[in-house]
Amino acid sequence: MKPEQLRQEFKRQFDYEADRIFFSPGRINLIGEHTDYNGGKVFPCAITMGTYGVISMREDNEIHAVSGNFPDIGKIVFNTKELSFKKSDNWANYLKGMLNYIEEKAGSLPNGFDVYIYGTIPNGASLSSSASLELLTGIMVKELFGLKISQLELVKLGMRTENEFLGLNSGIMDQFAVGMAKKDHAMLLDTNTLRYEQIPVDLPDHKIVIMNSMTRRELVDSEYNLRRQQCALALEQLQTIVDVQTLGDLSVETFEKYNYVIKDNDLLKRARHAVYENERTEQAAEALKAGDLDQFGRYMNTSHKSLDEDYEVTVKETDFLSRTAWKQKGVVGARMTGGGFGGCCIAIIENDQVNTFIDTMKDNFKNEMGHDAEFYIAETADGAREWVTYE
Ligand code: GAF
């Protein structure tokens, strides 16, 4: 997407030239899935697929918002003084949620604004299109009005928007990755302390390929919230005999010693995934730092199996993509990424095998699943900021 195109689109919508353009990335998670609301580690990086916003201040208190991704919905108009959730405001509820919490934190906005938004992340693909829009809103408003609010605070308000405004009890991984990422790096984030380390993802001989199953199950949010509840229940039972605050505090060894207190098999499986995935994430990051990509790939594969068998958030399409990828030449590892119940998998592949890999995977997927999957080469990106020149 070129800045001139975005500016032209803004002009077409609002009849004047816009001032400023912002970009907020999407994310892939290399490993560490469903650990963020369990006080565990995650290892995501931001990607150049993301959300652009062209914005200009208005003289009144109205907000006029248009999304190039929802042309049929047209312009959504609301007021900085009335920021409650309204179903009919559709995608703009992400904006409203952020603005609501930003006002709570940094005071009322002095004016409204006109904004044109365009996203390159496919919706429902588990690449964090929501967090991308939340952080885009945050950074645009912060810069436009010169608000005194840090990027980390915006990250936290993004999570509040999900949890309190939209009702998804997600952890902080997506907003953190989208807000704080550094190009060419993945962040090993401890979701207990919010301390993180940017680890170089330097893969001159490999590409990370995103495989979009083009599938999204119904009831994703309620299934997600249920997983979180099950982990909380398992933790409560463990706390009757071990002194821990989160599942992320438990080593695999301690978990194996005390997990007999969890009588329900589903709860046991959920907790087992959370504890093992947490340890695996730390070990995988160590392997990457040490340049042992093959070992990293093996951790990716094990992560997928655990998400399938213990956490039960994979679907036949994402299982097919990962499991078929494991058998292809030049593949180091593959796993589902994000919340699951459809969405995307990622695979790390040797450069000279990438084209053959994509062609083979496309054909196999279509034959087995009866519809197309999409494939994109992932490029890492910096966190949300004023215009950058990603194409
Ligand atoms: C979704 C959530 F938003 C994240 O917080 C995280 O839990 C992820 O699913 C699973 O790792 O993306």
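The confidence the predictor assigns to each residue, on a scale from 0 to 100, is called pLDDT. The model shown here is predicted, and its protein chain has an average pLDDT of 96. Of the residues, 99% score at least 70. Where pLDDT is low, the predicted coordinates should not be read in detail. For the complex, the predictor reports an ipTM of 0.99 together with a pTM of 0.97.

Consider the sheet next. Strands of a sheet pair through backbone hydrogen bonds, in either a parallel or an antiparallel sense. In this model, three strands form an open sheet in the order E2-E7-E8, and their pairing is antiparallel. Strand E2 (41–42) and strand E8 (196–200) are the edge strands, each pairing on one side only. Strand E7 covers residues 185–190, and five bridges join E7 to E8 in the antiparallel sense. Within this part of the sheet, Leu-188 lies opposite Glu-197 of E8.

The helices to look at are H3, residues 129–145, and H5, residues 173–180. Their axes come within 9 Å and cross at roughly 50°. The crossing of the two helices is right-handed. On the H3 side, the contact is made by Ala-131, Ser-132, Glu-134 and Leu-135; on the H5 side, Asp-174, Gln-175, Val-178 and Gly-179 take part. Sorted by class, the contact of H3 with H5 consists of three nonpolar, three polar and two charged residues.

Definitions and conventions. Residues numbered from 1 in each chain as written. Predicted model: local features only at pLDDT ≥ 70, side-chain atom pairs only at ≥ 80, totals over all residues. Pairing = 2+ DSSP bridges. Helix = DSSP H or I, 4+ residues; strand = E, 2+ residues; numbered from the N terminus. Axes fitted to C-alpha atoms, helices over the stretch in contact; angles between N-to-C directions. Left-handed = near helix turned anticlockwise from the far one by under 90°. Contact = placed C-beta atoms within 7 Å. Nonpolar A, V, L, I, M, F, W, Y, C, P; charged D, E, K, R; others polar.
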